[in-house]
Every structure is written in C-alpha cells, then in structure tokens.
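Okay, thanks everyone, I'll keep this short. Let me put the thing up on the screen.

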Amino acid sequence: MRIITEAARWAIPFLLFFIPLYAHFRKVPVYETFVEGAEDGFKTAVKIIPFLIGMLVSIRIFVDSGALRFFIELCRPFFDKMGWNPDLLGIIPLAVMRPLSGSGALGVATQLIHQYGPDSFIGRLASTLQGSTDTTFFVLAVYFGSVGIKKHRYALKVGLVADAMGLFASIWIVTKVFG
Amino acid sequence: MVNLIWLFMLLTGIVVSALSGNINQVTESALKAAELGIEVAIGLMGVMSLWLGIMRLAEKAGLIQSLAKLSSPVIRLLFPDLKKDSPAFGPIILNLCANILGLGNAATPFGLKAMQELQKENPYPDTASSAMITFLALNTSCITIIPATIIAVRMKAGSSNPTEIIGTTIFATACAMGTAITADFIFRKRSK
C-alpha cells in the first residue's frame with residue numbers, strides 16, 4: 001500500500017524531470033517545443049466549453065429542482081416490495097448522482113458519510129461507490145466535445161451499464177466484507 | 001440517447017420546479033451551471049497546457065512512440081480497429097496510468113490528446129469511432145488504486161480506519177471495468 005502511495009506522489013515530479021531531460025539529450029529545443037504543445041491546451045479547453053455548459057445546465061436544473069429526489073422517492077415502494085434492506089435506500093441519491101456530476105457526487109457522498117458515520121454500512125458503501133467509477137456524462141461531453149463528435153452511438157449505454165455493475169458490485173462486496 | 005436524456009433532465013427539472021412553486025430555481029440553476037462550465041474549462045486550461053507541453057516534448061523525443069510500441073498486446077486486443085503502430089496508443093496508455101494512480105488532473109489532458117489521435121483515424125468525423133467508445137469505456141470505469149479524495153473525507157469524518165475501503169473499491173472498479181469491456185465488445189459486434 002505504501003509503495004503505491006509513494007508512486008503516486010513521485011509520478012508527476014518524475015515526469016517533469018525525466019521527459020525534458022531526455023528530450024534535451026535527443027537534441028529537441030525543449031522550451032520552444034513545450035510552448036508549442038502548451039498552445040494546444042488553451043484551444044482544447046475553449047473547444048469543450050459549449051459541451052460542458054450544455055451538460056451542466058441540464059443536470060443542474062434536474063438536481064436542484066428536486067426532480068432527482070422525486071424519482072428516488074418513486075423507487076421507495078419498489079424497494080419495500082422487493083424486501084431489500086431498507087438501509088440501501090440511503091445510497092440511491094449517490095448512485096444516481098455518480099454518473100451525472102463529479103462534484104455533485106462527492107457532495108452527496110460526503111453528506112452520507114457524515115450522516116450515517118464513516119464506519120457504518122452506508123458510509124462504507126458510499127466510499128466504495130464514489131471511488132469505483134468516474135462521471136460518465138462528464139467524460140462523454142468533454143472527450144467527444146473536444147474533437148467535435150456529435151453522434152455518440154452506443155457510448156452512453158456502455159458507460160451506464162458499467163456504472164450499474166459498479167453499484168451492484170459495491171453493494172455485494174461491502175455486504176460480504178463488512179456485513 | 002444522449003439527446004433524450006438531456007431533454008428529459010431539462011424538462012422534468014423545470015416541471016418539478018414549477019409544480020413545487022419554486023420556478024426561480026430554474027433560472028438560478030441554469031445561470032450558475034453556465035458559469036460553472038466556464039470555471040471548469042478555465043481550470044482545465046492551465047493543467048491542459050502544462051501536460052500537452054510536456055507531451056509534445058515526449059513526442060519529439062520519441063518517448064511516446066516507444067511507449068506505444070511497448071504497450072502490451074492486451075491494450076492492442078481492445079482496439080482491433082487501430083493500426084499496430086497507431087500514435088494514439090501513447091496517450092491512451094498515459095491516460096490509463098494517470099487514472100490508475102488517481103492523478104485525475106493529468107489524466108484528462110492525456111485523454112483529450114488520445115481523442116485527437118483517434119479522430120485522425122476516424123473516417124466519419126462527427127460520429128464516434130469504435131475505438132473511441134472503447135477508450136471512453138475504459139476511462140469511465142478505470143481502476144483507481146488509491147481513492148485519495150474519499151479517504152480524506154473519511155478521515156475528516158472521524159473514521160477509525162479510513163483506508164479500509166481500498167480493497168472493496170478496487171474490487172468494485174474491476175467489476176465495472178470488466179463489464180465495460182464486455183458491454184463494449186457486445187455492442188460493437190452488434191453495430192456491425
């Protein structure tokens with residue numbers, strides 16, 4: 001475990017040290033080349049703005065209006081009927097938020113961890129779920145937006161299927177390990 | 001599908017706001033979200049420039065190419081449409097490594113660079129290529145060995161063992177990633 005933490009700590013300084021040094025030995029004009037590449041960063045960041053705003057506006061209205069909470073409440077009787085652990089209801093806001101918004105999900109996870117306690121079932125489940133998948137809608141909007149892809153084909157389906165699997169796997173493993 | 005979900009979230013949000021007598025919320029949320037979009041993009045600008053600058057150095061020095069050549073046959077198996085020596089492999093691998101180490105800031109620039117390379121080999125520039133979708137699938141479900149942020153949150157909340165969720169997180173991500181790869185494979189076969 002320590003080794004991995006250390007590796008993460010050293011990775012960026014190492015890259016910043018090693019790549020320019022190696023490039024210099026290969027007779028690359030380091031400063032000019034760096035600036036030339038950095039210019040692209042600016043252009044790419046500007047290019048993704050409309051896609052980002054489009055996604056964020058729709059998601060934000062959906063979440064802030066209470067529509068998300070409304071749909072979660074709709075799920076409640078279904079959970080009762082299925083005879084599932086009612087504790088699991090606590091995780092739904094995070095499960096729905098996770099693919100939509102990174103900062104939103106972190107907010108919900110933090111709130112759950114404080115509300116139920118970090119070492120409770122929901123606290124552990126929220127921690128596991130938060131770390132196990134990325135924000136599908138954000139990645140989709142930004143990555144496709146940056147190169148002007150408008151037809152996503154089956155990309156969203158793949159992302160959401162993986163998110164659902166992440167949720168079920170989290171519930172299963174947390175129950176198994178800590179249950 | 002994205003169009004429908006986008007429309008659904010937007011319209012139901014507005015309807016729920018209207019029904020709960022809180023229609024002002026819509027205006028406020030929309031404007032705030034638009035502002036946030038700019039903030040995120042500006043925030044990305046700095047890191048993007050830094051990493052794309054370093055990337056260009058690595059590219060000119062031939063490092064990216066060697067990395068692509070070194071890339072394990074496993075990665076190549078996942079991208080059957082790409083040429084064997086495709087320049088996209090370099091940034092794809094860097095992106096996955098950054099994700100695994102939990103360096104989200106570095107992962108996005110590498111990922112965007114990979115998309116640019118993939119776009120060069122894409123015959124229909126407005127439509128996602130299969131390789132792009134595979135890359136996205138890997139990206140949204142990528143294994144993080146150290147979920148640093150959530151460990152910090154747990155620590156602050158007074159957990160007796162903040163890191164105890166690392167094992168369960170790795171297991172859950174591995175399942176998600178396996179599913180992503182399988183689902184991608186099935187959908188790709190079906191779309192042909």
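So, over all chains the structure holds 13 salt bridges, and keep in mind that this is a predicted model. Of the pairs I picked, let me begin with A:Glu36 and B:Lys60, whose side chains meet in a salt bridge at 3.5 Å, N to O. A:Glu36 sits in helix 2 of chain A, residues 30–47, and B:Lys60 in helix 2 of chain B, so this pair joins two chains. A:Glu36 is partly exposed at 38% relative accessible area, and B:Lys60 is partly exposed too, at 49%. That pair also belongs to a network of salt bridges linking A:Glu36, A:Asp40, A:Lys43, B:Arg56 and B:Lys60.

Next, B:Glu164. Its side chain meets that of B:Arg154 in a salt bridge of 3.0 Å, N to O. B:Arg154 is in helix 8 of chain B and B:Glu164 in the loop between helix 8 and helix 9, so the bridge ties together parts 10 residues apart in sequence. Buried or exposed, B:Arg154? Buried, at 0% relative accessibility. B:Glu164 counts as buried as well, because its value is 18% and the cut-off is under 20%.

One more inside chain B: B:Asp184 and B:Arg188 pair up at 3.6 Å, N to O. Both lie in helix 9, 4 residues apart, about one turn of the helix. B:Asp184 is buried at 3%, and B:Arg188 is buried at 8%.

Now the interface. Between chain B and chain A we count 6 salt bridges, plus 23 residue pairs in polar contact, both residues at pLDDT 80 or more. On the chain B side, helix 2 gives the largest share, 25 residues. That side divides into 55 nonpolar, 32 polar and 9 charged residues. The two chains bury about 8300 Å² between them, with 77% of it on carbon and sulfur atoms. In chain B, the residues losing the most area to chain A are B:Met9, B:Leu57 and B:Thr140, together 8% of what that side buries.

Last stop, B:Ser49, in helix 2 of chain B, residues 24–60. B:Ser49 is buried, at 17%. Its side chain reaches the backbone oxygen of A:Ala38 at 3.3 Å, and a polar atom of that side chain lies 2.8 Å from the backbone oxygen of B:Met45. From chain A, B:Ser49 touches A:Phe34, A:Ala38, A:Gly41 and A:Phe42. Okay, that's me done.

Technical notes
Residues numbered from 1 in each chain as written. Chains lettered and ligands numbered in written order. Predicted model: local features only at pLDDT ≥ 70, side-chain atom pairs only at ≥ 80, totals over all residues. Heavy atoms only, no water. Buried < 20%, exposed > 50% of the residue type's maximum accessible area, 1.4 Å probe, protein only. Polar contact = N/O pair within 3.5 Å; in protein donor to acceptor, adjacent residues only side chain to side chain. Contact = heavy atoms within 4.5 Å. Buried area = accessible area lost by both parts, 1.4 Å probe. Salt bridge = Lys/Arg side-chain N within 4 Å of Asp/Glu carboxyl O. Nonpolar A, V, L, I, M, F, W, Y, C, P; charged D, E, K, R; others polar. Lists of a residue's contacts leave out its neighbours within four places in sequence.
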